[in-house]
Amino acid sequence: QVQLVESGVGLVQAGGSLRLSCATSGRTFSRYAMCWFRQAPGKEREFVAATSRSSGSTNYADSVKGRFTISRDNANNTVHLQMNSLKPEDTAVYYCADTLGYSSSSYYYTRRDTYDYWGQGTQVTVSS
């Protein structure tokens with residue numbers, strides 16, 4: 001059974017840091033590209049960051065570039081999102097997801113419909 005489980009629920013002040021983790025099971029983790037999306041109340045789910053199968057390539061939404069870092073641990077079937085310099089507008093439910101798909105275009109990995117399986121989400125709240 002495929003499972004993606006996020007952890008790292010947090011309430012943090014603006015300027016602070018938080019690390020999210022997504023543990024996967026039920027598949028060969030290294031075969032999947034991984035990503036993080038987020039959804040704020042009343043808004044569409046939006047792309048945050050993605051990493052290739054080997055961590056050789058990453059891409060980020062402009063809104064988080066320079067503040068967030070995505071990484072993966074293929075030995076432990078886990079992907080992380082390190083979030084620094086958090087802002088109130090980062091408040092959202094954060095989801096990890098994966099895909100077997102491949103494209104040479106980085107835009108492909110920013111699309112919600114690229115991804116096959118999703119976690120249940122974890123709440124991040126940044127207070128001002």
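**Salt bridges and their surroundings**

Modeller: Happy to! There are six salt bridges in the structure, and please keep in mind that this is a predicted model. Let me begin with R27 and D98, whose side chains come together in a salt bridge with an N to O distance of 2.1 Å. R27 belongs to the loop between strand 3 (18-25) and strand 4, while D98 belongs to strand 9, so this pair ties together parts that are 71 residues apart in sequence. R27 has a relative accessible area of 14% and is therefore buried. D98 has a relative accessibility of 1%, so D98 counts as buried too.

Now for D90, which takes part in a salt bridge with R38 at 2.9 Å, N to O. Because D90 is in the loop between strand 8 (78-83) and strand 9, and R38 is in strand 4, the two tie together parts that are 52 residues apart in sequence. Both D90 and R38 are buried. D90 also meets the side chain of R67 in a salt bridge, here at 2.7 Å from N to O. R67 is buried, as is D90. Through shared partners, salt bridges join R38, E46, R67 and D90 into one network.

The structure has one disulfide, formed by C22 and C96, with their sulfur atoms 1.9 Å apart. The link of C22 and C96 is right-handed, with 50° about the S-S bond. Since C22 is in strand 3 and C96 is in strand 9, the pair ties together parts that are 74 residues apart in sequence. C22 has a relative accessible area of 0% and is buried, and C96, at 0% relative accessibility, counts as buried as well.

Next come the aromatic rings. The count comes to five aromatic pairs. One of them is F37 with Y115, an edge-to-face pair with 5.8 Å centre to centre and 70° between the planes. This pair links distant parts of the chain, with F37 in strand 4 (residues 33-39) and Y115 in the loop between strand 9 (92-99) and strand 10 (117-118), 78 residues apart. F37 and Y115 are both buried. Y115 also pairs with W118: their ring centres are 6.2 Å apart and their planes are at 75°, so this pair is edge-to-face. Y115 has 6% relative accessibility and so counts as buried, whereas W118, at 25%, counts as partly exposed. Ring pairs link F37, F47, Y115 and W118 into a cluster.

Some charged side chains meet rings as well. The charged end of R112 sits over the ring of W118, 6.0 Å from its centre. Elsewhere, R72 lies over the face of F29, at 4.3 Å from the ring centre.

Let me finish with Q123, in strand 11 (residues 122-127). Q123 has a relative accessible area of 33%, so it is partly exposed. Leaving aside neighbours within four places in sequence, the contacts of Q123 are V9, G10, T91, A92 and V93. With A92 there is a polar approach: a polar atom of the Q123 side chain lies 3.5 Å from the backbone oxygen of A92. The Q123 side chain also makes a polar contact with the side chain of T125, at 3.3 Å. Finally, Q123 and Q39 are 84 residues apart along the chain, and their C-alpha atoms are separated by 9.5 Å.

Notes:
Residues are numbered from 1 along each chain as its sequence is written. This is a predicted model: local features need pLDDT of at least 70, side-chain atom pairs count only at pLDDT 80 or more; totals for chains, interfaces and linings use all residues. Side-chain values use heavy atoms; hydrogens and water are left out. Helices (H or I, at least four residues) and strands (E, at least two) are DSSP runs, numbered from the N terminus. Buried means under 20% relative accessible area, exposed over 50%, partly exposed in between (1.4 Å probe, protein chains only). Contact means heavy atoms within 4.5 Å. A polar contact is a pair of N or O atoms within 3.5 Å; within protein, one must be able to donate a hydrogen and the other to accept it, and residues adjacent in sequence count only if both atoms are side-chain atoms. Rings of Phe, Tyr and Trp (its six-membered ring) pair if their centres lie within 6.5 Å; planes under 30 degrees apart count as stacked, over 60 as edge-to-face and the rest as tilted. A charge sits over a ring if NZ of Lys or CZ of Arg is within 6 Å of the ring centre and within 35 degrees of the ring normal. A salt bridge is a side-chain nitrogen of Lys or Arg within 4 Å of a carboxyl oxygen of Asp or Glu. A disulfide is a pair of cysteine sulfur atoms within 2.5 Å.
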